[in-house]
Amino acid sequence: DPVVLESAHKQTRAEFEANRSLTDEKKIKKSLKHAINVEEVIRRYVVQAPRNDEKDNTYNIKFTQDHALRDGHPILIKSSLQKNKPADD
């Protein structure tokens, strides 16, 4: 999703620019550790899921080898679009 990617890029750049003047080694290491953790969460848990126009309320999730939830793990997504529909649990 180009909009989300651009937003993530801008947020990342803004965070680095906000911390550009850091000189305290502990604060620098803490900021870098945070950035690495955020990158890992995005890489492992964010997926592209375009809507499947042929099936109502269905999305095609595109996993990569990096994703933590793949290989048939059930994924339940509660959406505000589904709040008036009975659960299939």
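Before we start, it's a predicted model, where local features need pLDDT of at least 70, side-chain atom pairs count only at pLDDT 80 or more, and totals for chains, interfaces and linings use all residues. Residues are numbered from 1 along each chain as its sequence is written, and side-chain values use heavy atoms, with hydrogens and water left out.

Okay, salt bridges. Side chains of opposite charge can pair when their charged atoms come close. Here, a salt bridge is a side-chain nitrogen of Lys or Arg within 4 Å of a carboxyl oxygen of Asp or Glu. How many turn up in the whole structure? The search finds three.

Let's look at E17. Its side chain meets R13 at 3.3 Å, N to O, and R20 at 2.8 Å, N to O. So R13, E17 and R20 are linked in a network of salt bridges. E17 and R13 are about one helical turn apart, because they sit four residues apart in helix α1. By helix I mean a DSSP run of H or I, at least four residues, numbered from the N terminus.

Are these residues buried or exposed? Buried means under 20% relative accessible area, exposed over 50%, and partly exposed in between, using a 1.4 Å probe and protein chains only. E17 is partly exposed at 35%, R13 is partly exposed at 46%, and R20 is exposed at 59%.

E25 counts as exposed at 53%, and so does K29 at 54%.

Now, T12. You'll find T12 in helix α1, which covers residues 2-18. T12 and A35 are 23 residues apart in sequence, but 8.2 Å apart in space, C-alpha to C-alpha.

Last stop, N52, in the segment after α2. At 14% relative accessibility, N52 counts as buried. What does N52 touch, leaving out residues up to four places away in sequence? The answer is T58, Y59 and N60, where contact means heavy atoms within 4.5 Å. There's also E54: its backbone nitrogen lies 2.8 Å from a polar atom of the N52 side chain.

Terms used
Helix = DSSP H or I, 4+ residues; strand = E, 2+ residues; numbered from the N terminus. Polar contact = N/O pair within 3.5 Å; in protein donor to acceptor, adjacent residues only side chain to side chain.
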